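This briefing goes through the strands of the model and then its domains. Please keep the sequence and the structure in view while reading.

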Amino acid sequence: MKTRDSVDRILAIYNDKAPLSEASTIPAPWYVDPRIAELETQTVFSKAWQMIGRIDQVEKAGQFVSAFVAGEPVVAVRGNDGVLRAFYNVCRHHAAAVVTEPCGQAQLLHCPYHGWNYGLDGSLKGMPEFDGVKNFERQQNGLVPVRAEIWEKFVFVNLDPHAESLASFLGGLVKRAAPLGLATLNFFDTRAYDIACNWKVFVDNYLDGGYHVPHLHKGLNSVLDYKEYTIENEDRYCLQSSPMVSSQDDAHREYNQQSVAVGARVQDEDLGICEDVQRGLKSRAYGAGRLSVRREAGEQLFHRLLAADLKSGLTHAAVAAD
Ligand code: FES
Ligand SMILES: [Fe+2]
C-alpha cells in the first residue's frame, strides 16, 4: 500500500523560486490534505490579522460582534470607556460561548449556560451559587483577551500576542487604499455563502487577474473593459483594477440594489466553479497547473506568501517537538 507523503515532502513539491513564466500553482495535496489545513490553522490563521466585523457594529458601549478565527470563538465589544476590546468567547466556567449572537448590544456579557456575568471589559462580575468555593480568584477569571485593532471601517483581531501591528501587517495597502475613502462608505446589504471547497480555491479564483471573467461571467464581462484590466503585486497584496465600459446613472438605491444582484450572480457562478475545482483537485489526473503570465501573477504572490508561512511554521513546529 502506498504510504502518505510526509508534510515536509508535500510542502517541498512547490517551487516558490520559479519565475512566473516557469511557475506552477501550489500542488493539489495542499488543497485536500487535512494536515496542511491544520498547519494553516496554526501558522496562517492563528498569526495573521483577520477582519471580523465593521466599526458601525461596535460604535456604542455594549455593542459586540462575534466570529470564529482559526476555529476559535472570539468576540469584540465596545466598553463603557469607549475602548474596543476583544476576547476569546469562551466562558471561564465550563467553556460555553458567552455571546451567542453574531452581533448585538448588551450591558453585561451573560453566559447562557450557568449564568456567569462578565463586564464589557471582560472582567468576571458574578457567578450564581458559587459561595463556598475556595481558592478561586474572581480577578483571575475574566474573559481571556485577544488583540483587536481597527483599519478604515473594519475591526480586526489577531490571536498571536506577539504579532506585528495591523498597520505594519497591511503594509503598503494602507497608503494605497487611503484615497478610496473606505471610511466614508455606509453599510447597505450583506450575503453569506457556504462553498464546498478549500479556502484557497476561492482565493485563487479572485487572483486570476480576470482570466475567467469573459468565460464564466458573461454578464460582468459586458460592463468591464477587459483588455485594460491591470494587475499589480506589492508586498502582501495584489491590486486588480478594470475600467468600466459604461457607467450607471441610476438613483443610488436602485444602483445599490442592482450591484447586489450582479454581485450575487457572480458569486453563484464562482461558487459553482470553485466546487468543481475542488473535485478536480482530488482527481488522480491532477497534480499542479501552470500560470498565465498576463493574468495570474497575483495567484503566484499568494502561493509564495503561503509557502513561506507554512515552511516557517513547520520549522518552528519541528523545533518545538525536538
Ligand atoms: S459555562 Fe458559562 S456559566 Fe457555566
Ligand atoms: Fe469570478
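A hairpin of four residues links strand S11 to strand S12, where strands are DSSP runs (E, at least two residues) numbered from the N terminus. The model is a predicted one, in which local features need pLDDT of at least 70 and side-chain atom pairs count only at pLDDT 80 or more, while totals for chains, interfaces and linings use all residues. Residues are numbered from 1 along each chain as its sequence is written, and chains are lettered from A and ligands numbered from 1 in the order in which they are written.

**Paired strands**
- S11 (residues 230-233) and S12 (residues 238-241) run antiparallel and are joined by four bridges, two strands being paired if DSSP finds at least two bridges between them.
- Within this pair, Thr230 stands opposite Ser241 of S12.
- Strands S9 (residues 145-151) and S10 (residues 154-158) are also antiparallel, with five bridges between them, and Ile150 faces Val155 in S10.

**The open sheet**
- Seven strands make up an open sheet with antiparallel pairing, in the order S1-S10-S9-S4-S3-S2-S5.
- Because S1 (50-54) and S5 (103-105) are at the edges and have a single partner strand each, one side of each is left without a neighbour in the sheet.

**Domains**
- The domain assignment, whose bounds come from an automatic or database source, gives domain 1 (7-48 + 187-321) and domain 2 (50-162).
- The C-alpha centres of domain 1 and domain 2 are 32 Å apart.
- Six residues of domain 1 are in contact with eight residues of domain 2, contact meaning that C-beta atoms, placed from the backbone, lie within 7 Å.

Definitions and conventions: Two residues are in contact if their C-beta atoms, placed from the backbone, lie within 7 Å.
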